[in-house]
Amino acid sequence: MTGPATAPLPLSLLPDTATIGDQGQLLVGGCDTLELAAEFGTPLFVYDEAHLRARCTEAVEAFGDGVAYATKAFLCRAMAQLAHECGMQLDVATAGELHVALAAGVPADRLVMHGNNKSMAELEMALTAGVGRIVVDSFDELDRLDMLAARGIARQGDGGQGPARILLRMTPGIEAHTHEFVATGQDDSKFGFTVSSGLAGKAVERAMASPAVELLGLHAHIGSQVFSIDSLRQSATIIAAMAAPYDLPELSVGGGLGVAYVDGEEGLTITQWARVVKDAVAATGCTAKVLAEPGRAIAAGAAITLYTVGTIKHLPDIRTYVAVDGGMSDNPRPVLYGSGYETFLPRAVEARRARTITVVGKHCESGDTLVRDGTVPDDIAVGDILATPVTGAYGYSMGSNYQHVLRPAVVFVADGEARQVVRRQTLDDLLRYDVAP
Ligand code: LLP
């Protein structure tokens, strides 16, 4: 339900363990968020560990072993360990993500390697580490795997060396009905083997004939922040129908489940999503194990970002700008995709939000907007801690050092304890790659 424009923040947009303290302030994981801001500084990403664990566990229960957390949504060693402990595999899509997951102690055979343009070096790194699956995106990549095999580079596993275990990424020709920058299932896409043009069938034949690879299944990922159940269902149906005659053991439907960011939005749960795609696959007669790789659905709702209000500029009959100490460098989603967020004051979570404001960052461009026409309590003042909820996915991970603004710290909170899992950058960090003249 969409509340009146002045309604307090819907509590459903907060992390699972959010509670209200005796002064009306927000607690997450039993920690007072205002105290977290004072202790760790702002901007600060605060992740609710119980929320992350609950979503990982739900994914494993819904899909079974083999479901992978898409680390591009948010990755640090603590996050990799958490997802692994909860029984998830990890989807890594670059050498960098692979390196962090391995450094976290996640066994290589629990990793799924993605990427539409994996280099020879990345493929070699994945094989020698012994990754469990490589999701192959192109004929050029099949060529590279053949070349590596010819050079004697095989997948390292417990039982010795073996061919690369692969899935083939299909492009099913499905519109995901999401922002065009994150839609990937339509024919006009850089990703995967197009089903409608017959490339997909050729890729399957080729992979089955190649001694360099062991084909375990097909994969499709039609986009991210997808609310259309029909699109998710249709994509699963198309790749299942394609896979059925080959009797392959696995079928991955990718990630993409949409989550609620603002009042009035409602997404499926991971459990509901699994039901929809598993039923669609079963209806085709395909008996493969259905796998998935959610990122946003695991991490987005687990975190809030805390900022400090630095300036308030009221322009009568135009708008009120509230500038905070972060911006597009810690959350580029609004400027990239026009994404909407709510805003609220953690000191008064249940207060009516009667004042309409635009939250902007500290970068030198007008596009640096975090929340356009957000609402906050009337008495917002310079020095207040202001928060945006649902920032756990594609916020920190897509952040930058634009204008040499320092990247924020990240804390995990649970049972009244806060642990810093990524420290705030320092000014000296900015000089670490800068080779002195
Ligand atoms: N699998 C593959 C192959 C992917 O490319 C992605 C996301 C996922 C799984 C996870 O999708 P999720 O469950 O998180 O929707 N930066 C954009 C989202 C880009 C998603 C890229 N691929 C955003 O902030 O909305």
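Where does Pro 43 lie? I found Pro 43 in the loop between α1 (33-40) and β4 (44-48). Helices (H or I, at least four residues) and strands (E, at least two) are DSSP runs, numbered from the N terminus. I then checked the peptide bond from Thr 42 to Pro 43. That bond is cis, with omega near -5°.

**Ground rules**

I am reading a predicted model, in which local features need pLDDT of at least 70, side-chain atom pairs count only at pLDDT 80 or more, and totals for chains, interfaces and linings use all residues. Residues are numbered from 1 along each chain as its sequence is written, and side-chain values use heavy atoms, with hydrogens and water left out.

**Domains**

I looked up the domain assignment, whose bounds come from an automatic or database source. Domain 1 is 11-47 + 302-431, and domain 2 is 49-300. Taken over C-alpha atoms, the two centres are 32 Å apart. I also looked up the contacts between them, with contact meaning heavy atoms within 4.5 Å. On the domain 1 side 27 residues take part, and on the domain 2 side 26 residues do.

**Helix α4**

Next I turned to α4, residues 95-103. Its buried residues are Glu 97, Leu 98 and Ala 101. They sit on the same side of α4, because they cover an arc of only 100° around the axis. I note that the arc is that of the directions from the helix axis to the C-beta atoms. Buried means under 20% relative accessible area, exposed over 50%, and partly exposed in between (1.4 Å probe, protein chains only). An α-helix has 3.6 residues a turn, so residues three or four places apart point the same way.

What do the buried residues of α4 pack against? I listed α3 (77-85), β6 (89-92), β7 (111-113) and α5 (120-129). Just after α4 I came to Gly 105, with a positive phi of about 90°.

**Glu 293**

I placed Glu 293 in the loop between β15 (289-291) and α10 (296-299). Is Glu 293 buried or exposed? Glu 293 counts as buried, at 8% relative accessibility. I also looked at Ala 68, which is 225 residues from Glu 293 along the chain. Their C-alpha atoms are separated by 4.5 Å. Beyond its neighbours within four places in sequence, Glu 293 is in contact with several residues, including Asp 91, Ser 252 and Gly 254.

Then I checked polar contacts. A polar contact is a pair of N or O atoms within 3.5 Å; within protein, one must be able to donate a hydrogen and the other to accept it, and residues adjacent in sequence count only if both atoms are side-chain atoms. The side chain of Glu 293 makes one with the side chain of His 114, at 2.9 Å. Another, of 2.6 Å, joins the side chains of Glu 293 and His 219.

**Arg 319**

Arg 319 is in strand β17 (residues 319-324). I have it as buried, with a relative accessible area of 19%. Its side chain and that of Asp 373 are joined by a polar contact of 3.1 Å. Not counting residues up to four places away in sequence, Arg 319 touches Lys 313, His 314, Thr 358, Arg 372 and Asp 373.

**Two positive phi values**

I looked up Gln 225 and found a positive phi of about 55°, although Gln 225 is not a glycine. Gln 225 is in the loop between β13 and α8. Gln 225 is buried, at 13% relative accessible area.

His 404 also has a positive phi of about 55° and is not a glycine. I found His 404 in the loop between β20 (385-389) and β21 (409-414). His 404 is exposed, with a relative accessible area of 54%.
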